[in-house]
Amino acid sequence: MQQLIQLYSQWSGEEPLKVDKLPGAGSNRQYYRISGHDQKTVVGVIGTSRDENHAFIYLSHHFTKRQLPVPQVLVASSDELRYLQTDLGALSLYDAIKGGREAGGRYNLKEQLLLKSTIRELPNIQIRGARGLDFSHCYPQPEFDADSVLFDLNYFKYCFLKATEIDFHELKLEADFRLLAKDLTAESADSFLYRDFQARNIMLMPAENKESYKPYFIDFQGGRRGPYYYDLASFLWQASAKYSHKLRRELVFEYYNALKQYTEVPTPHHFVNRLSLFVLFRTLQVLGAYGFRGYFERKQHFITSIPPAIVNLRELLEDSQFPYPYLVSILQQLTRLPQFQQIEQAAQNRSDGFRTTENNPYRAHPKDGPATFSKYDGKGPLVVRVFSFSYRKGIPEDESGNGGGYVFDCRSTHNPGRYEPYKKLTGLDDPVIRFLEDDGEILTFLESIYKLADAHVARYIQRGFTSLMFSFGCTGGQHRSVYSAQHLAEHINSKYGVEVRICHREQNIQQVLPAKPTEAE
């Protein structure tokens with residue numbers, strides 16, 4: 001620790017003001033947030049493996065030169081057992097999508113956007129990061145190969161499969177293992193295989209517009225040359241994430257389209273078939289780790305992680321055809337074992353996709369002659385008022401004197417107020433938001449409203465109008481109207497930067513979203 005402080009002092013020219021130890025990760029490295037007198041912070045790292053540290057330091061320097069979103073190593077000790085890196089803050093993707101994970105995979109729109117922005121960034125580090133990279137610096141090996149595949153498959157056999165006491169033929173299983181290893185390594189791989197691509201290893205930093213986040217990648221020291229399918233399978237089939245089939249398909253689509261920007265891609269059919277092989281391999285690899293950490297080391301977290309992994313395996317065997325008959329038969333026996341039967345209902349209940357200017361912008365025809373101007377032209381800035389209300393208590397009055405604007409009826413959409421868990425909540429509460437977005441009707445309803453509102457707001461800004469009003473009504477003014485009003489208000493404020501005043505009338509809630517620079521600016 002004292003040597004790390006000395007390294008900081010030599011680098012910064014002053015003693016640190018404060019040193020806080022950060023929670024440990026899966027490795028034996030220790031992390032510290034070090035604060036300087038200028039209130040700027042860096043992260044100090046102490047490792048026990050020189051080779052592992054060297055791999056991270058080399059990769060960080062290489063990725064930084066290629067302007068990839070990773071922490072920059074600022075200085076390292078001569079033995080590379082200690083180094084300082086830029087501080088990426090404390091918000092990980094894992095923490096940011098906690099709500100969706102705890103809701104059983106019902107990710108709301110904001111969480112889905114974070115996942116999509118992350119998965120779109122993955123090919124950047126895989127393909128651009130591999131260009132000019134000397135893989136001999138990678139730890140513990142430079143390349144994903146058949147030997148490493150067989151090591152992990154046998155890890156699954158000895159640490160998980162044998163613990164279940166399933167009777168199997170060693171030589172037949174080994175033959176299918178070798179076929180799978182051959183298929184996984186059949187294609188040339190000129191990409192960087194991150195190997196530990198998971199939500200915990202993605203840090204989120206505010207983007208320039210302060211309204212969104214940019215993903216940054218950490219803990220890539222175990223990376224090597226390898227096929228890009230592996231990281232996608234690791235991320236999307238992580239059992240604890242509980243991604244729905246629909247969301248997984250969308251994220252695979254996002255990744256596939258992003259990959260096209262960096263390299264030539266196979267046909268969608270070939271891509272999906274290859275991906276399924278890596279999903280199978282990654283599932284067995286994870287079960288091996290869970291078996292060792294759970295069955296042998298008796299760590300409860302890994303024991304509780306086994307059931308969702310078995311659910312993943314069962315669904316994979318149902319959805320895909322694999323040319324490894326003996327392996328598949330053993331895995332099917334595994335998913336039917338009595339100790340895993342309690343998760344059968346959970347598997348069946350998993351969703352198959354959750355339902356989770358200028359003042360006068362007009363061009364007059366010469367025959368029309370000059371136009372007169374409205375007394376409201378050029379008075380700006382625009383202020384938008386958005387209301388939610390109950391039809392039982394009447395439509396909100398327009399106090400501006402302009403006549404009331406738009407009124408939208410939300411009562412055609414599915415009403416969460418009909419179900420006991422949501423009766424005391426509002427459209428601002430997370431369970432109600434997940435219900436509405438899972439159902440999907442409210443999203444379709446709002447799509448057309450966004451288009452209408454965008455055109456109207458843009459024109460009012462051009463003309464310098466000062467007032468526009470939107471109102472959303474439902475039966476009680478509690479769930480659907482509140483959700484719709486809040487989302488339209490945030491949409492307008494984020495996109496156009498105008499002041500938006502929100503009034504959830506029946507909830508006695510008022511809020512002002514102040515004017516700010518727009519996304520375009």
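The legends below describe close-up views of a predicted model.

Because the model is predicted, local features are given at pLDDT of at least 70 and side-chain atom pairs at pLDDT 80 or more, whereas totals for chains, interfaces and linings use all residues. Residues are numbered from 1 along each chain as its sequence is written, and side-chain values use heavy atoms, with hydrogens and water left out.

**View 1. The second largest pocket and its lining.** The second largest pocket has a volume of about 1,200 Å³. Leu-109, Lys-110, Leu-113, His-487 and Glu-490 are the closest to its centre among the 31 residues that line this pocket. Two or more lining residues come from each of α5 (109-128), α14 (430-439), α15 (441-463) and α16 (480-496). The largest share, 7 residues, belongs to α16. By class, the lining of the second largest pocket holds 12 nonpolar, 10 polar and 9 charged residues. Helices (H or I, at least four residues) and strands (E, at least two) are DSSP runs, numbered from the N terminus. A pocket is an open set of points on a 1 Å grid over the protein atoms alone, with protein on both sides within 12 Å along at least five of seven lines, and a lining residue has an atom within 4 Å of a point. Grid points are joined across faces, edges and corners, and a volume is the space filled by probe spheres set on the points. Ala, Val, Leu, Ile, Met, Phe, Trp, Tyr, Cys and Pro count as nonpolar, Asp, Glu, Lys and Arg as charged, and the others, Gly among them, as polar.

**View 2. Helix α14 and the elements that cover it.** Of the 10 residues of α14, 7 are buried, and the helix is mostly covered. These buried residues are Val-432, Ile-433, Arg-434, Phe-435, Leu-436, Glu-437 and Asp-438. Their cover includes α4 (98-102), α5, α15 and α16. Just after α14, Gly-440 has a positive phi of about 95°. Buried means under 20% relative accessible area, exposed means over 50%, and partly exposed lies in between (1.4 Å probe, protein chains only).

**View 3. Asp-454 and its partners.** Asp-454 is part of helix α15 and is buried, with a relative accessible area of 13%. Its side chain is joined to that of Lys-495 by a polar contact of 3.0 Å. Leaving aside neighbours within four places in sequence, Asp-454 is in contact (heavy atoms within 4.5 Å) with His-491, Lys-495 and Tyr-496. A polar contact is a pair of N or O atoms within 3.5 Å; within protein, one must be able to donate a hydrogen and the other to accept it, and residues adjacent in sequence count only if both atoms are side-chain atoms.

View 4. Phe-144, Ser-148, Val-149, Asp-152, Arg-195, Arg-224, Tyr-230, Phe-281 and Gln-285 form its lining. Both α6 (146-161) and α10 (268-296) supply at least two of the lining residues, and the largest share, 3 residues, comes from α6. The second largest cavity holds about 30 Å³ and is lined by Tyr-94, Arg-101, Ala-199, Gln-238, Ser-240, Ala-241 and Tyr-243. A cavity is a set of grid points where a 1.4 Å probe fits but cannot get out.

**View 5. Arg-66 in its loop.** Arg-66 is placed in the loop between α2 (50-65) and β4 (73-76). With a relative accessible area of 26%, Arg-66 is partly exposed. Not counting residues up to four places away in sequence, Arg-66 touches Arg-128, Gly-129 and Arg-131.

View 6. A search of the whole structure finds 0 disulfides (pairs of cysteine sulfur atoms within 2.5 Å). The closest cysteine sulfur to that of Cys-474 is in Cys-410, and because the separation is 6.0 Å, it is too far for a bond. Cys-474 is buried at 2% relative accessibility, and Cys-138 is buried with a relative accessible area of 8%.

View 7. A cis peptide bond with an omega of about 5° joins Tyr-139 and Pro-140, and Pro-140 is in the loop between α5 and α6. Glu-165, not a glycine, has a positive phi of about 65° and is found in the loop between α6 and α7 (170-184). Asn-508, also not a glycine, has a positive phi of about 55°; its loop runs between β13 (499-504) and β14 (509-513). Glu-165 is exposed at 72% relative accessible area, and Asn-508 is exposed at 69%.
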